[in-house]
Amino acid sequence: MNGGVPVNTGWMGGEVGGVIEETEAHIITRDRMGRRMKLMKGVATLPLPMNYPVKNMDDWLKMKGHYEFSEARLGRNWEEVPREHLKAGRVVTVSIPGGFDEPRQLMGEEELCIAYHEQPELIHDILKTIGDTAFTVLERVSKTVQVDQLSVHEDMAGKSGPLAGPNQVKEFIAPYYRRIWDMLQERGARLFDQDSDGDMNAVIPAFLDAGVNVMHPMEAAAGMDIVKIRETYGTRLAFYGGIDKHIIRRSKAEIIAELEYKIPPMVRTGGCVLALDHRIPNGTPLENYRFYIQKAWEIMEGVMRNT
């Protein structure tokens with residue numbers, strides 16, 4: 001079980017603007033970044049931006065203060081929380097903004113991808129600013145308590161692959177990751193966990209070189225086959241998730257086939273927390289879910305008895 005530390009390494013400040021418009025189909029609000037956010041009722045759980053605050057360096061300089069360091073980033077009595085986690089046997093986890101995701105929140109996916117080529121100095125400055133602040137905060141934290149895990153949220157891929165390629169990872173994201181991870185690793189941190197849906201196969205080597213050693217949720221429908229990934233990267237990469245969430249809406253024979261393919265090699269090689277690769281899909285029969293849980297335990301226990 002993870003235990004967080006009440007410090008902030010990302011955006012700070014801004015005021016939520018409240019509801020701008022509400023219809024039977026949607027709600028439009030304004031968030032802390034000043035973006036108009038649209039939530040489609042009945043079909044979505046997260047609002048999506050309709051506009052973004054940064055298009056160029058001038059725009060970024062107006063927003064930059066929200067990412068710079070201040071003592072307010074360290075929560076009140078923050079030192080006591082990770083100590084309690086340690087006593088409870090939790091993994092003490094700290095997080096940083098995504099090297100892809102945070103610029104995407106500021107610019108949008110399309111503008112960010114164009115900026116890699118047309119405004120590289122802008123992306124470098126965004127990540128340097130965020131990185132300087134994250135480093136300062138987490139260096140302070142790691143002097144006081146033992147940090148076990150660094151966590152980063154990216155969500156940078158779909159079924160067709162990642163939105164940034166290996167070259168962009170190496171040039172922009174890896175230096176940001178490595179500076180923070182190298183410092184934490186020297187002080188005893190062991191896990192660097194990256195969260196991204198979609199097909200990340202093309203950028204796994206680049207992220208391994210950047211320090212990442214855990215990935216989730218390993219989305220099967222996007223081609224993230226944990227058996228093949230383990231064969232390719234061995235113990236360099238741990239992961240959790242990896243069981244196709246869509247299988248549990250299908251036949252019991254298909255559920256068994258999925259579990260028998262994935263569980264035995266993962267149990268034998270370790271470094272994997274087996275789970276569905278995302279939320280339980282709508283329309284999943286309760287009987288199927290119960291069968292999936294029962295069969296997963298049966299297969300795991302069988303492998304462990306014979307290993």
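In helix H8 (residues 226-233), the buried residues are Ile-226, Val-227, Ile-229, Arg-230 and Tyr-233. They span an arc of only 165° around the axis, and therefore lie on the same side of H8. The arc is taken from the directions from the helix axis to the C-beta atoms. Buried denotes under 20% relative accessible area, exposed over 50%, and partly exposed in between (1.4 Å probe, protein chains only). Helices (H or I, at least four residues) and strands (E, at least two) are DSSP runs, numbered from the N terminus.

The model is predicted: local features need pLDDT of at least 70, side-chain atom pairs count only at pLDDT 80 or more, and totals for chains, interfaces and linings use all residues. Residues are numbered from 1 along each chain as its sequence is written, and side-chain values use heavy atoms, without hydrogens and water.

Lys-228, Glu-231 and Thr-232 are exposed on the other side of H8. The buried residues of H8 pack against helix H7 (204-209), strand E12 (238-243), helix H9 (252-269) and strand E13 (272-276); contact means heavy atoms within 4.5 Å. At the start of H8, a side-chain oxygen of Asp-225 comes to within 3.0 Å of the backbone nitrogen of Val-227.

Strands E3 (residues 26-30) and E4 (residues 36-40) run antiparallel, joined by five bridges. Pairing requires at least two DSSP bridges between two strands. Ile-28 has Lys-38 in E4 as its bridge partner. Five residues separate E3 and E4 in this hairpin, and Gly-34 in the turn has a positive phi of about 85°.

Thr-93 sits in strand E6 (residues 91-96). Thr-93 is buried, at 11% relative accessible area.

Terms used
Polar contact = N/O pair within 3.5 Å; in protein donor to acceptor, adjacent residues only side chain to side chain.
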